[in-house]
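The exercises below are meant to be worked through with the sequence and the model open side by side. Each one sets a task and then gives a solution in steps.

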Amino acid sequence: MMIRLSTGIPEFDKLIEGGIPQGFFVAVTGEPGTGKTIFSLHFIAEGLREGDNCIYVTTEESRDSIIRQAKQFNWDFEEYIEKKLIIIDALMKEKEDEWSLTELSAEELVNKVIEAKQKLGTGRARLVIDSVSALFLDKPAMARKISYYLKRVLNKWKFTIYATSQYAITTSQAFGFGVEHVADGIIRFRRAIKDGMLHRYVLIEKMRQTNHDKYVWEIDIKPGKGIVLLGKLNERREDYALPPKVMQKIKEANEDKIT
């Protein structure tokens, strides 16, 4: 029987047959400000509620910023620190404590995550890397290789993983293209301005071993609650995605860069 982990958003769980399959590597992609970090905080908060070991790697915000954001939605991460939760700060590049990274590389990140897992002990584990794009922004051709390395090594430690990544709105292409290529699931966030107002959307583009929803859903972010689903739109991925031939050419071009 497949074990599924709740995303922390009951309405979203219904769209993926109850949750994320345990052990999956899920790419959470989208432009800045679309809800990726808050979606990830839901996942960790739910893990803490269920007694899971949780590790959050932050590469674009400080550890304190992550804790403050969680408090906005009534999640008190501080009480779990080093008991059930370790937040690895890969932004500051200073040796503030044992859970700070002074060098941002895939190898250093993996070593620190494994060290954190050993500290927390055995049991079911959730991991967020927010964002994985920071590992290859200066070398996008290495994205697929780095993403595969992360998945291959961390899979041995029984993690269920969210890896957030930025993408270009013009092509819907994640920076480096590699994260989505190796992911077991792809959850894509996007935004649009309509009538002068910001609207946010989410789409489950891929989830292996799951009969997932195929529609775009409008979402909102509410203080004290987090992400809520407002309703589905009458469009699916096929309605706005690039044609398959174009996506194949993009993929081939990136593979040529790798080789």
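**Exercise 1. Find the volume of the second largest cavity, and name the residues and elements that line it.**

Solution. In this predicted model, the second largest cavity has a volume of about 40 Å³. To place this value, note that a search of the whole structure finds 2 cavities of 30 Å³ or more. Next, list the lining, which is made up of Gly23, Phe24, Phe25, Lys151, Asn155, Phe159, Ile161 and Asp184. Finally, assign the lining to secondary structure: α5 (143-155) and β7 (159-165) each supply at least two residues.

**Exercise 2. Describe the largest nonpolar core, and then the surroundings of one of its central members.**

Solution. Begin with the general expectation that, in soluble globular proteins, nonpolar side chains tend to be buried together. Here the largest nonpolar core has 38 residues, and those with the most contacts inside it are Phe12, Phe39, Phe77 and Ile187. Helix α2 (residues 36-50) gives the most to this core, namely 7 residues. Now take Phe77 and set aside its neighbours within four places in sequence: the remaining contacts are with Leu41, Ile44, Ala45, Leu48, Ala70, Leu85 and Ile87. A second, separate core has 35 residues, including Ala125, Phe136, Ala163 and Ile186.

**Exercise 3. Determine whether Ile86 is buried or exposed, and which residues from elsewhere in the sequence touch it.**

Solution. First locate the residue, which is found in strand β5 (residues 85-89). Ile86 counts as buried because its relative accessible area is 0%, and the cut-off for that term is under 20%. Once its neighbours within four places in sequence are left aside, Ile86 is in contact with Cys54, Ile55, Tyr56, Trp99, Ala116, Lys119 and Leu120.

**Exercise 4. Classify the aromatic pairs Phe12–Phe39 and Phe73–Trp75 by their geometry.**

Solution. A pair of aromatic rings is described by the distance of the centres and the angle of the planes. The count for this model comes to 5 aromatic pairs. For Phe12 and Phe39, the centres are 5.2 Å apart and the planes make an angle of 70°, so the pair is edge-to-face, the class for angles over 60 degrees. This pair links distant parts of the chain, with Phe12 in helix α1 (residues 10-13) and Phe39 in helix α2, 27 residues apart. Phe12 and Phe39 are buried, and they belong to one aromatic cluster together with Phe43, Tyr162 and Phe189. For Phe73 and Trp75, the centres are 5.5 Å apart with 40° between the planes, and the pair is tilted; both of these residues are buried as well.

**Exercise 5. Identify the buried residues of helix α3, and state what they pack against.**

Solution. Within helix α3 (residues 63-72), the buried residues are Arg63, Ser65, Ile66, Ile67, Gln69 and Ala70. They pack against α2, β4 (53-58) and β5.

**Exercise 6. Find where a charged side chain lies over an aromatic ring.**

Solution. Start with Arg190, which lies over the face of Tyr201 at 5.3 Å from the ring centre. Then turn to Lys232, whose charged end sits over the ring of Tyr215, 4.5 Å from its centre.

Conventions: Residues are numbered from 1 along each chain as its sequence is written. This is a predicted model: local features need pLDDT of at least 70, side-chain atom pairs count only at pLDDT 80 or more; totals for chains, interfaces and linings use all residues. Side-chain values use heavy atoms; hydrogens and water are left out. A nonpolar core is a set of buried Ala, Val, Leu, Ile, Met, Phe, Trp, Tyr and Cys residues joined through side-chain atoms within 4.5 Å. Buried means under 20% relative accessible area, exposed over 50%, partly exposed in between (1.4 Å probe, protein chains only). Helices (H or I, at least four residues) and strands (E, at least two) are DSSP runs, numbered from the N terminus. Contact means heavy atoms within 4.5 Å. Rings of Phe, Tyr and Trp (its six-membered ring) pair if their centres lie within 6.5 Å; planes under 30 degrees apart count as stacked, over 60 as edge-to-face and the rest as tilted. A charge sits over a ring if NZ of Lys or CZ of Arg is within 6 Å of the ring centre and within 35 degrees of the ring normal. On a 1 Å grid over the protein atoms alone, a cavity is a set of points where a 1.4 Å probe fits but cannot get out, and a pocket is an open set with protein on both sides within 12 Å along at least five of seven lines; lining residues have an atom within 4 Å of a point. Grid points are joined across faces, edges and corners, and a volume is the space filled by probe spheres set on the points.
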